[in-house]
Amino acid sequence: MDKFSYPEYYDFPPFFTLQPVRATREKQLVLWQQLILEYHRAHDLPLFQPFASTLFENVKISRNMAQDGRTAVVEHLIRCGHGSWEDDTRTRCRIMWKKPAVWAAEIYDFAKEHGMLGNVFTVYELYAGEETLGTNIHGMEPWLLREALSVLEGEGKVRPHWGVSGVYSIGAGVDEWMEGALMQAAVIAGETCEEDGVKFLATE
């Protein structure tokens, strides 16, 4: 049995045609975003293929959204921070039903609440280890976890620590580290999720 229930507006024929009036089109795009996010969350699908997806085809009412409409929907998802193209081919879009900034806050709060401050964990341990079993963090897509950690860096809560494993810290400001050091292009230095990691530090 399908665990996803389609909303009533999914059977409304104009929903499958990109609306010409801007105000109406914006409301339409918001509804498409809501539908796509809820569908992918219900089915635990991290990727969306807009030009092959059956979501844009409603056999019941004989409607199939044209390519320009599909493109507009995906661009709206990306613009709102709920999606990103997987690569330059732009055929598959990564879906984020929670924005990286929301995940970042949850991850850091989890670290504080579970006595993880001052300890080092690999990225792999965070999304697949025993420490996060039973939480939303467990089972996260590695690329999404990295996006969330990048947000923490932007907030001044991540400081790179270059060592054997390419560990970087969460919690400390970056200003003092930057003195006399070169800016690094990547947040995570390790080549794999088993090699790169985070050290959670107290910010107060």
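This is a predicted model: local features need pLDDT of at least 70, side-chain atom pairs count only at pLDDT 80 or more; totals for chains, interfaces and linings use all residues.

Mentor: Residues are numbered from 1 along each chain as its sequence is written, and side-chain values use heavy atoms, with hydrogens and water left out.

Trainee: How many helices and strands are there in the protein chain?

Mentor: Helices (H or I, at least four residues) and strands (E, at least two) are DSSP runs, numbered from the N terminus. On that basis the protein chain has 6 helices and 9 strands.

Trainee: What percentage of the residues of the protein chain count as buried?

Mentor: Buried means under 20% relative accessible area, exposed over 50%, and partly exposed in between, with a 1.4 Å probe and protein chains only. Of the 204 residues of the protein chain, the buried share is 39%.

Trainee: How are H1 and H2 oriented to each other?

Mentor: The axes of H1 (residues 22-42) and H2 (residues 67-79) come within 9 Å and cross at roughly 75°. Axes are lines fitted to C-alpha atoms, for helices over the stretch in contact, and angles run from 0 to 180 degrees between N-to-C directions. Angles under 35 degrees count as roughly parallel, over 145 as roughly antiparallel, 65 to 115 as roughly perpendicular and the rest as oblique. H1 and H2 are therefore roughly perpendicular.

Trainee: Which residues in H2 meet H1, and how do the residues of the contact divide?

Mentor: Contact means heavy atoms within 4.5 Å. From H1, Glu 26, Leu 29, Val 30, Trp 32, Gln 33, Ile 36 and Leu 37 meet Ala 72, Val 73, His 76, Leu 77 and Arg 79 in H2. Ala, Val, Leu, Ile, Met, Phe, Trp, Tyr, Cys and Pro count as nonpolar, Asp, Glu, Lys and Arg as charged, and the others, Gly among them, as polar. The residues of this contact divide into 8 nonpolar, 2 polar and 2 charged.

Trainee: With which side chain does the side chain of Asn 64 make a polar contact?

Mentor: Asn 64 lies in strand S3 (residues 63-64) and is partly exposed, at 48% relative accessible area. Leaving aside residues up to four places away in sequence, Asn 64 touches Phe 16, Phe 56, Glu 57 and Arg 70. A polar contact is a pair of N or O atoms within 3.5 Å; within protein, one must be able to donate a hydrogen and the other to accept it, and residues adjacent in sequence count only if both atoms are side-chain atoms. At 2.7 Å, the partner is the side chain of Arg 70.

Trainee: Is Arg 70 buried or exposed?

Mentor: Arg 70 is in helix H2. Its relative accessibility is 6%, so Arg 70 counts as buried.
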